[in-house]
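Open the model in your viewer and keep the selection tool at hand.

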Amino acid sequence: MLPDADTLPETLLDLAVPHEDINDLVALRRTLTADAGAMRLVRECVEELVRDIGEAGVEVPLAERVAEAPAALAPYFAVYVFVAALPHTRSYHRERGVTADVSRRTLADLGRNMAFHRRRHGRGGVEVPQWLTHHFRGELYQLGRLQFERARLGQRTGRAVAQAGLDVVPGEPCLNLHIPDFHGPLSPAACDRSLELAREFFARHFPRERYRVAVCHSWLLDPQLKKHHLAPDSNIVRFQERFEPGRDPGEEPEPADTEPVRFVFGDPDLPVAGLPRRTSVERAVGDHLRAGGHWYVRHGWFRL
């Protein structure tokens, strides 16, 4: 199920696993393979992960299963599961005609996730293993600056799109758009390129799924950024301007103050009073919270 100790580092590098984690993962491999119960758990996790691979919208409870791992293996257990699942994912990509470059850049999100974990906690681990199930099940792809996830329109967003005049219904295929960290500026040119790549990619590799709209759910769509904090020509404001509201404007959202703190500063639990003010986005997030304001996850869509 796992590469041997000599070839495991190469596999980890292909997944962009941070260099400082590789020696620990190779050393712990012996502990894992010597534990029959732990290996059985890896096998069961992989079976659940790749069952019905390619089917969008299937929830795989990987985080719950990973929590069953022995304490000595717990920080890296999810990595071994993804490494063991890798041949299945690559096989699915090949069946769909997905190029090796797109496959590699997509699955490199494992390394990005681990880098985020180390930035936040100062030690090795996987920050959100559940998130990575979408990548290894063939649901999500990195195409340029943005990530695109095969999904279906929810009830409220579907109604908002239909009210705007597009003949769609809730449950119709859509592409959920995600903005990964550690990937440079969110410039209009980079976004345009990603969208062009996505139109071509999904028409070629998923021709039976008609994607007419892209959807995004993010604090980056909070209109307060545009109204009060950022310049009209900022990358975030220009990103916001691509979208139509995806929910009823009168809907009262719940505050999500930890979202921007997590993504901008790397740790949702940082004290607000001490948040740095080095960039315009850092100043916007921190100053708004220090003034007693709140941030909200907003929903938007645009026609593909």
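This is a predicted model. Begin by selecting D35 and G37: at the start of helix 3, a side-chain oxygen of D35 comes to within 3.0 Å of the backbone nitrogen of G37.

Next, select the whole of helix 3, residues 36–50. Its 15 residues span 21 Å from the first C-alpha to the last, close to the 21 Å expected at 1.5 Å a residue.

Now colour A38, M39, L41, V42, C45, V46, L49 and V50, the buried residues of helix 3. They lie on the same side of helix 3 because the arc they cover around the axis is only 155°. Show helix 2, helix 4, helix 5 and helix 8, which are among the elements covering these buried residues.

Turn to the largest nonpolar core, which has 38 residues; L32, F77 and V79 have the most contacts inside it. Among the elements that give two or more residues to this core are helix 1 (8–14), helix 3 (36–50) and helix 7 (109–121). Helix 5 gives the most, with 10 residues.

Select V79 and display its surroundings. Beyond its neighbours within four places in sequence, V79 contacts L12, L25, L110, M114 and V126.

Strand 1 runs antiparallel to strand 2 (residues 146–152), joined by 4 bridges, and L140 is opposite E149. The two strands form a hairpin with 2 residues between them; in the turn, G144 has a positive phi of about 70°.

Conventions
Residues numbered from 1 in each chain as written. Predicted model: local features only at pLDDT ≥ 70, side-chain atom pairs only at ≥ 80, totals over all residues. Heavy atoms only, no water. Core = buried A, V, L, I, M, F, W, Y, C linked by side-chain atoms within 4.5 Å. Buried < 20%, exposed > 50% of the residue type's maximum accessible area, 1.4 Å probe, protein only. Contact = heavy atoms within 4.5 Å. Pairing = 2+ DSSP bridges. Expected span 1.5 Å × (residues − 1). Arc of directions from axis to C-beta. Polar contact = N/O pair within 3.5 Å; in protein donor to acceptor, adjacent residues only side chain to side chain.
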